[in-house]
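Please keep the model open while reading.

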Amino acid sequence: FGFLPHIETLEARHRQSLQTDYARWVASLTAPEDLILAMDDGIFVEHYGRRRTLGHPPMVRDAAALGDFFAEINGALKAGHRVFALESNFDYDRTEFFKKEFFRRYDVKMIGCKPNEDWHHFLLDRHVADECFMEVQRR
C-alpha cells in the first residue's frame, strides 16, 4: 500500500487546489486588461484567472536582454492599464540582477498574500506558503 503515507496530501488536493484558488483570487483583484507579471505560475493565472501574464527572461545578466520586458510593462502603464506582480515573478534571479534593474524603474504596492502551492515539488510532496501579490508603479 505505497499510497497510504500520502493519503493526507491526496485528500487535501481532492478538496482544494491552491494554485486554482490563487489564480482566481488574482482575477478577483484585477481587470481583464491588466498585465500580471509571473513566471511559472503564469500558466495558472492565464487559465484559471483568465489574465494576461508576462515573465522575464530567466537568469539574465544584461540590461539589454530585459528591454522588451520593460517595454511591455511601460506600454501597459502608458495605455492606462494596471500592472501587477506575483511574488514568484522575482524567481530565477540568482545574482539579483533582475531585481536591481526592476526596482530601479518601478515601485510596488503590496495588495495582499494568500496560500499557494509550489507545484515544482513532487506530486505527493506538498509545499504550501503564502505568496504575495503587488501592484507595480513607475518610480
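Why are Phe-98 and Phe-102 separated by about one helical turn? They are 4 residues apart in helix H5. Helices (H or I, at least four residues) and strands (E, at least two) are DSSP runs, numbered from the N terminus. An α-helix has 3.6 residues a turn, so residues three or four places apart point the same way.

## Basis

This is a predicted model, in which local features need pLDDT of at least 70 and side-chain atom pairs count only at pLDDT 80 or more, while totals for chains, interfaces and linings use all residues. Residues are numbered from 1 along each chain as its sequence is written, and side-chain values use heavy atoms, with hydrogens and water left out.

## Aromatic pairs

The structure holds 12 aromatic pairs. Rings of Phe, Tyr and Trp (its six-membered ring) pair if their centres lie within 6.5 Å; planes under 30 degrees apart count as stacked, over 60 as edge-to-face and the rest as tilted. Phe-90 and Phe-98 make a tilted pair, 5.9 Å centre to centre with 35 degrees between the planes. The Phe-98 and Phe-102 pair is also tilted, because the ring centres are 5.7 Å apart and the planes stand at 45 degrees.

Phe-98 has a relative accessible area of 0% and is buried. Phe-102 is buried too, at 0% relative accessibility. Buried means under 20% relative accessible area, exposed over 50%, partly exposed in between (1.4 Å probe, protein chains only). One aromatic cluster takes in Phe-69, Phe-70, Phe-90, Phe-98, Phe-102, Phe-103 and Tyr-106.

The largest nonpolar core has 19 residues. A nonpolar core is a set of buried Ala, Val, Leu, Ile, Met, Phe, Trp, Tyr and Cys residues joined through side-chain atoms within 4.5 Å. Leu-37, Phe-69, Ile-73, Val-83 and Phe-102 touch the most other members. At least two residues each come from strand S1 (35-37), helix H4 (67-78), strand S3 (83-86), helix H5 (97-105) and strand S5 (128-138). H4 gives the largest share, 5 residues.

Five strands form an open sheet in the order S2-S1-S3-S5-S4, with mixed pairing. Two strands pair if DSSP finds at least two bridges between them. Strands S2 (52-54) and S4 (106-117) are the edges, each pairing on one side only. The twist averages 30 degrees from one strand to the next. S1 and S3 pair in the parallel sense over 3 bridges. Leu-37 stands opposite Ala-85 in S3.

H5 packs on the sheet and touches S1, S4 and S5. Its direction makes about 130 degrees with that of S4. Axes are lines fitted to C-alpha atoms, for helices over the stretch in contact, and angles run from 0 to 180 degrees between N-to-C directions.

Val-26 sits in helix H2 (residues 18-29). Val-26 is buried, with a relative accessible area of 0%. Leaving out residues up to four places away in sequence, Val-26 touches Ile-36, Val-45, Leu-86 and Phe-133. Contact means heavy atoms within 4.5 Å. Val-26 and Leu-86 are 60 residues apart in sequence, yet 8.9 Å apart in space, C-alpha to C-alpha.

In helix H3 (residues 42-49), Gly-42, Phe-44, Val-45 and Gly-49 are buried. They lie on the same side of H3, because they cover an arc of only 160 degrees around the axis. The arc is that of the directions from the helix axis to the C-beta atoms. The buried residues of H3 pack against H2, S1, S2 and S3.
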